[in-house]
Amino acid sequence: MSDKDMEYLKNNVEFRNVPLMDGIYRKINTKALVGKCHNKLHKGYLTVELLRKHQCIEKNCVFIEKFEDYPFWKKYRNQQQQKLALKTAKKTKKQNEVRQQEQLREKMETLRIQAQKYADINGFPMIITRVAEINEQEYVINYVSAFRKNDWYEYLDVARLMSRYYGKKFTLKHLKLPDGEYAVIDEWLRFKQ
C-alpha cells in the first residue's frame, strides 16, 4: 500500500475520488477500498463489490495489492480465522466421537469376553453374542443357548457374577430370530460363518 493511501486512512479522509478497476472514476468511502489491481487490462482501485465480482480472492490473483490495514481485510482475516477454528473444532469433535465409539466397542467386547468366561466356567451351553450398555449402571448380555426357549433364569449366575465383579446391573436376553423363535447355538454359528 502506498504511503498516500495509508495517509488517507490515518487522517480519516472519509471520501476519495479514485479510478476504479472497471475504468470509472468515482467518489468512494475510503474505508470501502480494499486494494489496487495492477493488471494492465484493468488497473485501478478495488471495492469489496469489484473484488467479489472479479473473484480476486478465489483466483488468488497476483495483481492485487491488498490494503491490509483497511477494515475489510481485518474483518476478512477474522472471518478466515473463525472458519479455521470452526473447522478445527468440528474435526476434533469428530475425532473424539470416533475415539469414544472405539473405546465403547472395546469396553463392550471386554465385557462380552468376561461374561463368556463365566458361562464357560459354569459349564453353561451358551454363547454370549454381545453386551450392550443401557446406561452407565445397566447392561444387557445377549446370548444364544442350546435350547429354543427363554431360559435366561438358568444362566442367572453369569449376570450375578458380572454384577458382582463390575458393580453394575447386568440382565440376560436370549436372542430371537426374525420369526420370533429363540435362536440356538447351531444357528448362531452358521450365521457367523
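Tyr139, Tyr165, Tyr166 and Phe170 are linked into a cluster by ring pairs. Here, rings of Phe, Tyr and Trp (its six-membered ring) count as a pair if their centres lie within 6.5 Å. By this rule the count comes to 11 aromatic pairs. Before going further, please keep in mind that this is a predicted model, where local features need pLDDT of at least 70, side-chain atom pairs count only at pLDDT 80 or more, and totals for chains, interfaces and linings use all residues. Residues are numbered from 1 along each chain as its sequence is written, and side-chain values use heavy atoms, with hydrogens and water left out.

Let us turn to helix H4, which covers residues 71-121. Helices (H or I, at least four residues) and strands (E, at least two) are DSSP runs, numbered from the N terminus. A pair of aromatic rings is described by the distance of the centres and the angle of the planes. Phe72 and Tyr76 both lie in H4, 4 residues apart, about one turn of the helix. Their ring centres are 6.0 Å apart and their planes stand at 20°, so the pair is stacked (planes under 30 degrees apart count as stacked, over 60 as edge-to-face and the rest as tilted). Tyr76 also pairs with Trp73: these centres are 5.5 Å apart with the planes at 80°, so this pair is edge-to-face. Trp73 and Tyr76 are 3 residues apart in H4, again about one turn of the helix.

Finally, look at the open sheet of 3 strands, ordered E4-E3-E5 with antiparallel pairing. Strands E4 (44-47) and E5 (64-66) stand at the edges with a single partner strand each, so one side of each is left without a neighbour in the sheet. Strand E3 (residues 33-37) pairs with E4 over 4 bridges, where two strands pair if DSSP finds at least two bridges between them. Within E4, Leu46 stands opposite Gly35.
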